[in-house]
Amino acid sequence: MPICIECRYPLRTLYTTYSKADDRSLGKGVRLTQCPRCKRFGDKYVEHDFVVLFIDLVLIKPQVYRHLLFNRLGREDDRFDPSIVRLGVLLLLFDVYLTWARIEKASPNPFASSPSDPSSSDPSSPASSSLNAPDAALLSSQPLVLQYMFFLGLCTAQTLAFHLPIRFLCAHPPRLTPFIPLIPHHPHPTPLSTALLVSSCTKLFPLLLIIWDYDLPSSASAVSWAVIVNNVAALEILMDCGYLRAALLVAVGAAVRALVGRVVLGCVGFGTGIFGVLDALGVPGGVEGVGRAVGVVGGWVAG
Ligand SMILES: [Zn+2]
């Protein structure tokens, strides 16, 4: 059932159509429902286009999250809306590019001081390149398709590691809620993943770096932190559980995701220095890598 995006009051309908010939997105032919409790329009966003929605999403307006999570993407059968599946795939593929570029950029440093290869300790030596480092060679000597499949698997595992703990924690029986007051209860896991995916669309922001200079260390980190803030806000708006509990859930998910990332990367010989810490925090370590990924995606889109 749709709700009023201002006060969460349940509404029977969001608008009344009185002329099918007109375009709803232009505000013609529909009459918005007025909320009986707060006397404002139940959902003004049914008349707004995607650009306005995206801007308000970036500005973390609770109304736009309520519109998306409850009135547009919420389904009675507890399944994902097809548009969310497409967004999830897009975010995953974008993650693959960003992670690949970031790791490629960050990998020379850990291997430069690798004790198993003394020649690589000289930064001026060609042997210090990640391509020649013994551990990195395991991955970088593989065909590009295999490398891509590895990063696709890594990002899929990281995404699952972020979503599943949050879904599991919130699915606890309601009778346990008094004993774990910091964990909110939410009976349906699908809206949780929908909220996390919708709020992660700020990840697509590096696309904008094509226009502006991307060689700023703070820009890539800011995007990652913006995603985390959006995740917390989305969970809070979905469950109405308070920012502390939402932040705790996101922190648990991010910690498990970082752990899975480190274990998988450790298996192929990547070290966990400062890069591991940055990765654990979700902070990109290589802005140049972001720019390179943007170039790859931009070229793909253009060509
Ligand atoms: Zn209302």
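A: A residue is called buried if 20 or more other C-beta atoms lie within 10 Å of its own, exposed if 12 or fewer do, and partly exposed in between, with C-beta atoms placed from the backbone. Helices are DSSP runs of H or I with at least four residues, numbered from the N terminus. The model is a predicted one, in which local features need pLDDT of at least 70 and side-chain atom pairs count only at pLDDT 80 or more, while totals for chains, interfaces and linings use all residues. Residues are numbered from 1 along each chain as its sequence is written.

Helix H7 (189–199) is mostly covered, with eight of its 11 residues buried, namely Pro 191, Leu 192, Thr 194, Ala 195, Leu 196, Leu 197, Val 198 and Ser 199.

Ala 195 is also among the residues with the most contacts inside the largest nonpolar core, which has 38 residues; such a core is a set of buried Ala, Val, Leu, Ile, Met, Phe, Trp, Tyr and Cys residues joined through C-beta atoms within 7 Å. Besides H7, the elements giving two or more residues to this core are H2 (62–72), H6 (144–170), H8 (217–239) and H9 (243–267), and H8 supplies the largest share, nine residues.

Leaving aside residues up to four places away in sequence, Leu 69 touches Pro 191, Thr 194 and Ala 195, as well as Gly 74 and Leu 238, a contact being a pair of C-beta atoms, placed from the backbone, within 7 Å. Leu 91 lies in helix H3 (residues 82–106), and Leu 91 counts as partly exposed because it has 19 C-beta neighbours inside 10 Å.

Conventions. Contact = placed C-beta atoms within 7 Å.
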